[in-house]
Amino acid sequence: MTAQIKYADVEVGTELPAGSFPVTRATLVRYAGASGDFNPIHWNEKFAKEVGLPDVIAHGMFTMAEAIRVVTDWVGDPGAVVEYGVRFTKPVVVPNDETGALVEVTAKVAAKLDDHRVRVDLTAMSAGQKVLGMSRAVVVLA
């Protein structure tokens, strides 16, 4: 695959299409199985509350992966992302109901770099709180 977005067609401030990603307890169980991260804060409400959390929380790496989907969907090639980093600022609290939580992600081009690369800044929110800070990706465009 190659990037579908052309460097010449992008300006600083270009907004990427936003994404909304639902997270349920079932989602967390599937992710735990795939990642091998069976920490009980991600599936056991009693344990999560005993250690001071408001409820079960989503895995940080899962939240990070969901957020970058906005960038990979936009560019058309996951391999075009050459750098990605975040700070985990707030947990995504996932209640035990049919709805779960929602992670809402917006992103925009923050800088044009050399070699057809751009820096994209992402904002990830859940329940009105910013859940990822300093979320940035460097992407190679066509």
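**Reading a sheet and a core**

Modeller: Strand 4 and strand 5 form a hairpin with 2 residues between them, and Ala 127 in the turn has a positive phi of about 55 degrees. This is a predicted model, in which local features need pLDDT of at least 70, side-chain atom pairs count only at pLDDT 80 or more, and totals for chains, interfaces and linings use all residues. Residues are numbered from 1 along each chain as its sequence is written, and side-chain values use heavy atoms, with hydrogens and water left out.

Biologist: What is a strand, and when do two of them pair?

Modeller: Strands (E, at least two residues) and helices (H or I, at least four) are DSSP runs, numbered from the N terminus. Two strands pair if DSSP finds at least two bridges between them. Here, strand 4 (residues 117-126) and strand 5 run antiparallel and are joined by 9 bridges; Arg 117 has Val 140 in strand 5 as its bridge partner.

Biologist: How many bridges link strand 2 and strand 5?

Modeller: Strand 2 (residues 81-88) pairs with strand 5 (residues 129-140) over 6 bridges, in the antiparallel sense. Tyr 84 has Ala 137 as its bridge partner, while Gly 85 stands opposite Arg 136.

Biologist: How do side chains lie along a strand?

Modeller: In a regular strand they alternate between the two faces of the sheet.

Biologist: In what order do the strands form the sheet?

Modeller: The open sheet has 5 strands in the order 1-3-4-5-2, with antiparallel pairing. Strand 1 and strand 2 are the edge strands, each pairing on one side only.

Biologist: Which residues of the largest nonpolar core touch the most other members?

Modeller: A nonpolar core is a set of buried Ala, Val, Leu, Ile, Met, Phe, Trp, Tyr and Cys residues joined through side-chain atoms within 4.5 Å. Buried means under 20% relative accessible area (1.4 Å probe, protein chains only). In the largest such core, of 37 residues, they are Trp 74, Val 120, Val 139 and Leu 141. Helix 3 gives the most to this core, with 8 residues.

Biologist: Which residues does Trp 74 touch?

Modeller: Contact means heavy atoms within 4.5 Å. Not counting residues up to four places away in sequence, Trp 74 touches Ile 5, Val 10, Leu 16, Pro 17, Val 109, Val 120 and Leu 141.

Methods:
Buried means under 20% relative accessible area, exposed over 50%, partly exposed in between (1.4 Å probe, protein chains only).
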